[in-house]
Amino acid sequence: MEVVINLKVKLNQVVSSNEFYSNKLHWSRRKRIKDDYHILVKAETNKIKKVEPITFPVMLRIDYFFNTRMYDVSNTSIMTKMIEDSLVKSKILQDDTPKWVPEIRSTCQRSDTDFNWVSIRAYNYDILKKVG
């Protein structure tokens with residue numbers, strides 16, 4: 001399986017989907033968190049030489065590594081959405097519609113580092129379908 005993008009992003013802040021949509025987080029704080037994710041992903045994509053926009057559908061594989069509290073995989077959905085949006089904003093992905101991102105897979109694991117981070121990989125979805 002050919003990886004068409006491979007990023008490792010240190011997460012300055014981890015937020016659960018429950019927390020993000022609760023009444024406890026003011027809208028301006030949610031916006032700051034979202035903006036922070038865009039900046040982090042963009043900084044990592046800028047490190048890659050000759051980043052071309054992906055012109056075919058991809059399967060995103062997003063693996064979270066937590067050194068703090070572990071989250072349920074479903075509780076990382078808001079972070080996954082912010083990462084996906086950041087890839088679009090960075091012009092790596094054409095769009096985040098099912099035409100361009102028909103599948104996303106996520107895992108949560110314990111980190112052996114002293115920080116939280118995420119691994120973001122994209123695979124050519126058309127090739128994956130053929131392989132099975």
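Student: Which residue in β4 does Lys-8 stand opposite?
Tutor: Lys-8 stands opposite Ser-119 in β4. This is a predicted model, in which local features need pLDDT of at least 70 and side-chain atom pairs count only at pLDDT 80 or more, while totals for chains, interfaces and linings use all residues. Residues are numbered from 1 along each chain as its sequence is written, and side-chain values use heavy atoms, with hydrogens and water left out.

Student: How do you know that β1 and β4 pair?
Tutor: Strands pair if DSSP finds at least two bridges between them. β1 and β4 (residues 117-124) are joined by 7 bridges, so they pair, and they run antiparallel. The strands are DSSP runs of E, at least two residues long, and helices are runs of H or I, at least four, numbered from the N terminus.

Student: What makes β1 and β3 edge strands?
Tutor: The open sheet has 4 strands in the order β1-β4-β2-β3, with mixed pairing. β1 (3-10) and β3 each pair on one side only.

Student: What is the average twist from one strand to the next?
Tutor: The twist averages 15 degrees. Helix α2 (residues 27-46) packs on this sheet, touching β1 and β4, and its direction makes about 125 degrees with that of β1. Contact means heavy atoms within 4.5 Å; axes are lines fitted to C-alpha atoms, for helices over the stretch in contact, and angles run from 0 to 180 degrees between N-to-C directions.

Student: How do you know that the charged end of Lys-8 sits over the ring of Trp-117?
Tutor: The test asks for NZ of Lys or CZ of Arg within 6 Å of the ring centre and within 35 degrees of the ring normal. The charged end of Lys-8 is 4.3 Å from the centre of the Trp-117 ring, and it counts as sitting over that ring.

Student: How many aromatic pairs does the structure hold?
Tutor: There are 4. Among them, Phe-20 and Tyr-21 lie 5.3 Å centre to centre with 85 degrees between the planes. Rings of Phe, Tyr and Trp (its six-membered ring) pair if their centres lie within 6.5 Å; planes under 30 degrees apart are stacked, over 60 edge-to-face, the rest tilted. Phe-20 and Tyr-21 are therefore edge-to-face.

Student: Why is Phe-20 called buried?
Tutor: Buried means under 20% relative accessible area, exposed over 50%, partly exposed in between (1.4 Å probe, protein chains only). Phe-20 has 7%, so it is buried, whereas Tyr-21 at 60% is exposed.
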